[in-house]
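Hello,

Here is the structure I promised to pass on to you. Have a look at it first, and then read on for my notes.

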Amino acid sequence: MEIKRVAGALGAEISGVDLTRPLDGERAAQVRRALLDHQVIFLRGQDLSPRQFLDFALAMGNPIEYPFVNGLDGYPQIIEVKKLEHERTNFGGVWHSDTTYLQEPPMGSMLLSREIPPYGGDTLFASQYAAYEALSDTMKRLLDGLVGISTSAKADVSRTREDRIRSDGRQGAAQEYVAEHPLVRTHPETGRKALYLNVAHTAGIKGMTDEESAPLLQFLFQHQVRPEFTCRFVWTPNAIAFWDNRCAMHNPVNDYHGFRRVMHRITLKGDRPV
């Protein structure tokens, strides 16, 4: 197994791992350690069946179901993340950490590329460790103890789900989920502090009026995705991206109109941010 960093802030490609075969305990621990060290890891050339993809997820954590979209037949934890040739909006096409509007947001998420466009469709990732550490001491003290209000109904992200809800939506799903989480969370495994808010889901700050919270949130939304905090992954067939939602955000680039892009996604159970 070899690990090669892809950018200064986060991201690493792993080679020498064949996920068509079950991971033994030692190799699974090495992959999990790489995730904690690099925040997002990439494995190319993994032509996996849904069962094999789920087995990899089970070796990394506890797969859970996505609240808005049905999973594959027989594999409810695996959803299709797709944009079809006639569609103009891509699923989740805004900077975000997955489902922070849940009381216990996921630990991590993984995508497996099934069909990719001839160009475009890359995914950006941003280190929230780096974003937090670059703040002034005064700003860090200001954020200490502040609680963000996350909602699934912010317009700029709910629009990115509309095509998939029409075609694959889950019956009985709640119209809106709301949760409160600290703007700065401490990673439960590494102990490092990371910004934990995002333009897709964070709608306000507990105890503040909208007029008070908006300037601070707008500054943080812009700060947390500065180029030096990011990496970019160019997809190839049968590639996996596996990221740590507790300290990394992502943004799928919507620059391939007229072409199909289909991914399989699994999310892994997390804990309540503190």
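Before the strands come up, one convention: two strands are said to pair if DSSP finds at least two bridges between them. By that rule, strand β1 (residues 2-5) pairs with strand β2 (residues 12-15), as four bridges join them and they run antiparallel. Please keep in mind that this is a predicted model.

Let me stay with that pair for a moment.

One is open and runs in the order β13-β7-β15, with antiparallel pairing. At its edges are β13 (230-233) and β15 (248-252), each of which pairs on one side only. Neighbouring strands here are turned by 20° against each other on average, if direction is ignored. Strand β7 (residues 123-127) is joined to β15 by five bridges, and Phe 125 stands opposite His 250 in β15.

The other open sheet has the order β9-β8-β12, again with antiparallel pairing. Its edge strands are β9 and β12 (202-205); each has a single partner strand, so one side of each is left without a neighbour in the sheet. The twist from one strand to the next averages 30°. Five bridges link β8 and β9 in the antiparallel sense, and the bridge partner of Ser 150 in β9 is Ala 179.

**An enclosed strand**

Why can strand β5 (residues 79-83) be called largely enclosed by the rest of the structure? Buried here means under 20% relative accessible area, and four of the five residues of β5 are buried, so the strand is largely enclosed. Five bridges join β5 to β16, and the two run antiparallel. Within this pair, Ile 79 has Arg 265 of β16 as its bridge partner.

**The nonpolar cores**

Which residues have the most contacts inside the largest nonpolar core? They are Met 110, Ile 240 and Phe 242, in a core of 23 residues. At least two residues each are supplied by α1 (25-38), β3 (40-43), α2 (50-60), β6 (108-115), β14 (240-244) and β16 (261-268). The element that gives the most is α2, with five residues.

Leaving aside its neighbours within four places in sequence, Met 110 is in contact with residues including Phe 53, Phe 56, Ala 57 and Met 60. Its other contacts include Ala 241, Phe 242, Trp 243, His 264, Arg 265, Ile 266 and Leu 268. There is also a second, separate core of 22 residues, with Ala 9, Leu 102, Trp 235 and Met 263 among them.

**Cavities**

The structure holds four cavities of 30 Å³ or more. Two or more lining residues come from each of β8 (147-151), β9 (178-182) and β15. The largest share, three residues, comes from β8.

**Some loop residues**

- Gln 39 lies in the loop between α1 and β3. Its phi is near 75°, a positive value in a residue other than glycine. With a relative accessible area of 3%, Gln 39 is buried.
- Asn 238 is placed in the loop between β13 and β14. Although it is not a glycine, Asn 238 has a positive phi of about 60°.
- Leu 19 sits in the loop between β2 and α1. Is Leu 19 buried or exposed? At 4% relative accessibility it counts as buried. Beyond its neighbours within four places in sequence, Leu 19 is in contact with Leu 43, Gln 46, Leu 48, Gln 52, Phe 56 and Ile 240. From Leu 19 to Gly 145 there are 126 residues in sequence and 42 Å in space, C-alpha to C-alpha.

Terms used:
Residues numbered from 1 in each chain as written. Predicted model: local features only at pLDDT ≥ 70, side-chain atom pairs only at ≥ 80, totals over all residues. Heavy atoms only, no water. Axes fitted to C-alpha atoms, helices over the stretch in contact; angles between N-to-C directions. Core = buried A, V, L, I, M, F, W, Y, C linked by side-chain atoms within 4.5 Å. Buried < 20%, exposed > 50% of the residue type's maximum accessible area, 1.4 Å probe, protein only. Contact = heavy atoms within 4.5 Å. 1 Å grid on protein atoms, 1.4 Å probe; cavity = no way out; pocket = protein on both sides within 12 Å on 5 of 7 lines; lining within 4 Å. Points joined across faces, edges and corners; volume = space filled by probe spheres on them.
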